[in-house]
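Please have the sequence and the model open while I speak.

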Amino acid sequence: MPVLDKEPSKDLWGGDGLPKLPLPILKDTLDMYLRCVKHLLTEEQFNKTQNVVKQFGAPGGVGELLQSKLVERRENKANWVYDYWLNDMYLNNRLALPVNSSPVMVFPQQHFKAPIDSLRFAAHLISGVLEYKTLLDSRALPVDYARGQLAGTPLCMEQYYRLFTSYRLPGPERDTLVAQESSVMPEPEHIIVACKNQFFVLDVVINFRRLNERDLLAQLEKIARMADSEEERVPPIGLLTSDGRTEWAESRSVLMKESTNRDSLDMIERCLCLVCLDDASGPELSDSARAMLMLHGGGVAKNGGNRWYDKPMQFVVGAGGCCGVVCEHSPFEGIVLVQCTEFLLKYMIGSPSKLVRAASVSELPAPRKLRWKCTPEIHKLLASSADKLQRQVENLDMNVHKFYNYGKEFIKKQKMSPDAYIQVALQLAYYRCHSRLVSTYESASIRRFQKGRVDNIRSATPEALAFVKAMTDEELSTSETEKMELLRSAINMQTKYTILAITGMAIDNHLLGLREIAHELKIEKPEIFKDEAHLISNHFILSTSQVPTTVEMFCCYGPVVPNGYGACYNPQSDHIIFCVSSFHESPETCSTEFVKCLVQALLDMRDLCNKCNSGSNPTQQRQGQTLETHTQTDTSWQRKTPQRPTELTKNQQTLPQILLKTPDQTKVEAQTQTSSQGDAQGLKNGSKS
């Protein structure tokens with residue numbers, strides 16, 4: 001197993017060898033803020049905002065004071081915004097994790113012919129997890145490097161540490177991201193297996209030896225039999241973790257009164273990950289149905305209680321072939337989820353299932369079922385959590401659409417960035433549906449800096465508005481050539497803002513820092529943060545994220561505001577996968593209508609490009625064509641998961657039916673695998689968080 005050079009590896013993994021996140025100039029941020037909000041406001045609102053911003057940025061004013069304090073903070077911290085961002089994006093957020101915060105990766109439908117097949121799949125998957133963790137523990141995972149703009153820049157690898165060593169602990173007002181430190185003599189590592197709403201401890205290391213795949217399968221078979229035993233069924237305690245964060249914190253404090261429950265919570269909170277063995281959910285399901293089942297488990301009647309949402313990685317293996325990963329988003333961004341998941345699926349394809357009996361641990365001790373003492377109070381809390389989850393199930397409107405008319409190759413032939421092009425298409429679709437543009441979130445990775453997470457690319461630009469008006473308002477009678485120029489202008493601005501974001505010069509993190517430093521200094525909240533423009537600009541009705549993959553799977557997540565859309569997209573060479581979510585309860589949104597408008601937008605933009613076919617106008621677009629960012633999904637508080645893929649090869653063996661794509665190459669290398677380099681060709685905005 002290749003091990004990287006020790007010194008650079010240590011630096012890059014910890015981020016120490018990377019530059020610190022820059023702090024933008026106050027005037028630049030305020031000017032850009034006004035530019036970003038002007039076309040989203042009425043004239044009256046904007047005039048007020050202009051005055052508020054001018055007052056905030058005046059010489060000797062509060063803005064300069066706060067900026068000077070941020071300069072000091074930057075000197076003293078590895079990353080001046082990290083703590084503020086983590087709290088604001090995730091830990092302060094009181095909404096329930098399923099649908100609202102946790103993104104999911106949905107695998108292709110698996111075709112299990114017998115119950116043992118799903119357990120074999122799970123055993124093979126666990127073997128891959130243990131292999132990946134070995135790479136992490138030995139720092140043998142290749143360091144990620146940026147592609148495109150500033151290509152070759154190493155990226156901070158710190159987030160990978162947290163895949164299997166962290167836990168989101170609920171709190172009454174703010175959650176805590178707990179990172180476990182391994183001790184000199186760690187306890188045997190274990191995974192928690194959820195089956196029929198019961199939880200089992202599966203030790204993956206026994207007598208200092210990692211279990212092989214055959215032993216893992218034998219243990220999973222024991223767990224399935226134990227879970228079938230009706231006599232010792234306990235209520236679905238996992239439902240409590242699907243509740244709002246404050247409610248779950250209160251329920252957890254009730255559970256903690258009993259030592260039995262404390263021991264069970266401790267085992268779950270310290271495990272590597274969860275493997276959820278789900279009951280079948282009916283006949284073969286559509287992509288949209290599988291996406292919804294991954295997001296919320298189908299509620300209490302299906303597999304909604306067969307989860308523990310506080311763990312970063314929950315691998316779901318459904319008896320009916322509905323499989324995927326549910327991710328708690330606070331420890332890491334989407335690229336880390338994609339890289340890990342692609343490694344696992346390629347491992348399963350590339351290394352045949354090892355069910356031959358090799359030096360097995362004789363007489364393996366049976367897995368242990370976690371016990372719970374449930375008082376009438378806990379039963380009441382469970383009923384309340386179940387009701388709320390059921391409302392989420394009924395409210396989610398999800399539409400997964402595979403657009404086959406063209407993919408990123410066509411867009412690149414136009415000398416345009418695929419990501420910027422799709423972002424403009426999303427603006428056109430929203431405008432067609434709602435006759436206006438709204439504040440839009442697209443996350444950009446700032447991992448080229450120490451402890452870098454993401455900042456926001458504001459895709460609803462004045463240039464995008466000019467283009468969508470020209471495309472929709474017949475009274476303007478804009479010529480095709482003029483429309484084409486407006487499209488190129490919109491794409492160029494999207495690209496420029498993306499470059500600002502990935503180089504640490506966007507506005508959202510800076511404004512957040514100014515707001516939080518004022519709070520720390522106990523200064524009355526400045527007017528700029530109470531102004532209506534600030535509220536409107538941070539209510540991300542359109543939450544978007546590019547999450548490209550090289551393996552056949554897709555990412556999705558829910559909207560981040562009640563009247564919003566979640567729009568995750570996965571551009572492939574000849575098609576694009578869109579996952580659009582909204583809430584039925586909102587009279588303003590409809591996922592099916594949005595998808596119709598999006599398809600029409602993409603067809604209209606293609607027709608415009610074909611008519612004007614100005615494919616050789618490279619100067620304006622070249623810079624955007626190979627940009628690497630990370631689109632993420634969220635709003636001011638929550639970024640969802642996702643990210644740029646590694647242009648790694650696709651493999652087409654059929655052992656577990658995981659990959660559906662034609663391969664570019666037939667050999668999958670489990671270790672070099674998902675080389676974190678991102679898709680070299682488009683704006684790599686896949687960071688959904």
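Before anything else, a word on naming: helices (H or I, at least four residues) and strands (E, at least two) are DSSP runs, and they are numbered from the N terminus. What we have here is a predicted model, in which local features need pLDDT of at least 70 and side-chain atom pairs count only at pLDDT 80 or more, while totals for chains, interfaces and linings use all residues. Residues are numbered from 1 along each chain as its sequence is written, and side-chain values use heavy atoms, with hydrogens and water left out.

Let me start with the chain as a whole. The protein chain has 20 helices and 22 strands, and of its 689 residues 62% are buried, where buried means under 20% relative accessible area, exposed means over 50%, and partly exposed is in between, computed with a 1.4 Å probe on protein chains only. Taking contact to mean heavy atoms within 4.5 Å, we find that 80% of the contacts with a separation of 6 or more join residues 24 or more positions apart.

How confident is the predictor? With pLDDT being its confidence in each residue, from 0 to 100, the mean for the protein chain is 87, and 84% of the residues reach 70 or more. Residues 1-10, however, have a pLDDT below 50, and this stretch has 17 contacts in the model beyond near neighbours in sequence. Over residues 615-689 the pLDDT also stays under 50, and there the model has 374 contacts beyond four places in sequence.

On a 1 Å grid over the protein atoms alone, a cavity is a set of points where a 1.4 Å probe fits but cannot get out, a pocket is an open set with protein on both sides within 12 Å along at least five of seven lines, and lining residues have an atom within 4 Å of a point. Grid points are joined across faces, edges and corners, and a volume is the space filled by probe spheres set on the points.

If we count Ala, Val, Leu, Ile, Met, Phe, Trp, Tyr, Cys and Pro as nonpolar, Asp, Glu, Lys and Arg as charged, and the others, Gly among them, as polar, the lining of the largest cavity divides into eight nonpolar, eight polar and three charged residues.

The second largest cavity has a volume of about 80 Å³. Of the 14 residues that line it, Cys 36, His 39, Arg 458, Ala 460 and Thr 461 are the closest to its centre. Both α2 (26-37) and α16 (480-502) supply at least two residues of this lining, and α2 gives the most, with three.

Turning to the second largest pocket, its volume is about 430 Å³, and among its 22 lining residues Leu 95, Asn 100, Gln 392, Asn 395 and Phe 583 lie nearest the centre. Helix α12 (residues 376-395) gives the most to this lining, with five residues. Where does the second largest pocket lie? With domain bounds that come from an automatic or database domain assignment, the pocket lies between domain 1 (26-77 + 404-613) and domain 2 (114-144 + 154-354 + 363-397), because both give residues to its lining.

I will finish with a few single residues. Most residues other than glycine have a negative phi. Arg 139, although not a glycine, has a positive phi of about 55 degrees; it sits in the loop between α6 (115-137) and β2 (166-169), and is partly exposed, with a relative accessible area of 30%. Asn 197, also not a glycine, has a positive phi of about 65 degrees; it belongs to the loop between β4 (190-195) and β5 (198-203), and is buried at 18%. Phe 199, in strand β5, is buried, with a relative accessible area of 1%, and its C-alpha atom is 9.3 Å from that of Leu 274, 75 residues apart along the chain.

Conventions
pLDDT = per-residue confidence, 0-100.
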